[in-house]
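Dear colleague,

Please find below the structure that I am handing over to you. A short account of the findings follows it.

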Amino acid sequence: MKDSRNYQLHSGGVTVDNDIPFTANDTDYFYPVGSIELEGDRALRFVRERKSFTNGDYQRVANQRKFIAAAANKLLSSDTLTNPVKLYDIVDTVSPYLTFDEDFDAATLVGLGLQLKNVDTHNMAMFTLPTAGTSKTADNQSIELASELAIAQIGEAPRTDTMQEYLEENPPETE
């Protein structure tokens with residue numbers, strides 16, 4: 001993935017650096033090359049589109065990474081995390097889409113957000129789970145095969161605090 005510093009903050013959405021011009025399937029939403037601001041339905045179509053690309057789902061995943069990086073940068077920006085009112089607004093907006101256990105409430109989530117104020121999003125690593133190759137289903141659909149080894153290694157890395165070592169040994173592909 002490109003350096004997440006290429007993503008700007010805007011009050012109503014996020015800005016990503018689009019590499020491939022496309023029009024989302026069945027819409028008139030055109031996404032030119034360069035910095036584009038995404039919000040609402042246009043953002044949703046950007047992260048869901050696959051039919052416009054020769055590499056389909058792979059480009060969709062790349063676009064999803066770009067959007068997530070931009071959203072994380074916006075969420076983790078100091079002007080958001082140092083402002084409890086903004087944090088409560090964010091929690092209020094996203095909480096209907098999240099499930100929490102009974103001891104986890106909005107105040108706890110805001111408290112966690114305040115603790116993230118020193119997180120450097122430029123050090124975030126995003127990657128797609130490595131696969132064991134491709135295959136076909138019985139009805140001739142193309143599929144990616146799960147890599148049981150990668151699943152085990154990635155599952156173990158957070159438990160043993162070895163994610164950095166995993167990433168060094170298995171560098172993510174860059175977009």
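A residue is called buried if its relative accessible area is under 20%, exposed if that area is over 50%, and partly exposed in between, using a 1.4 Å probe and protein chains only. By this definition, 26% of the 175 residues of the protein chain count as buried.

Please note that this is a predicted model, in which local features need pLDDT of at least 70 and side-chain atom pairs count only at pLDDT 80 or more, while totals for chains, interfaces and linings use all residues. Residues are numbered from 1 along each chain as its sequence is written, and side-chain values use heavy atoms, with hydrogens and water left out.

Overall architecture

The protein chain contains seven helices and six strands; these are DSSP runs numbered from the N terminus, with helices (H or I) of at least four residues and strands (E) of at least two. Their order along the sequence is β-β-β-β-α-α-α-α-α-β-β-α-α. Along the principal axes, the C-alpha atoms fill a box of roughly 50 × 45 × 30 Å. Among the contacts (heavy atoms within 4.5 Å) with a separation of 6 or more, 46% are between residues 24 or more positions apart.

The nonpolar core

In soluble globular proteins, nonpolar side chains tend to be buried together. A nonpolar core is defined here as a set of buried Ala, Val, Leu, Ile, Met, Phe, Trp, Tyr and Cys residues joined through side-chain atoms within 4.5 Å. The largest one has 13 residues, and those with the most contacts inside it are Val16, Phe22, Tyr31, Ile36, Leu38 and Phe46. At least two residues of this core come from each of β1 (14–18), β4 (34–38) and α1 (40–48). The largest share, three residues, is supplied by α1.

Most residues other than glycine have a negative phi. Which residue in the loop between β2 (22–23) and β3 (30–31) deserves attention here? Aspartate 26 lies in that loop, and its phi is positive, about 60°, although it is not a glycine. Aspartate 26 counts as exposed, because its relative accessibility is 74%.

Asparagine 140, in the loop between β5 (131–136) and β6 (142–146), also has a positive phi, near 70°, and is a residue other than glycine. Its relative accessibility is 54%, so asparagine 140 counts as exposed.

Yours sincerely
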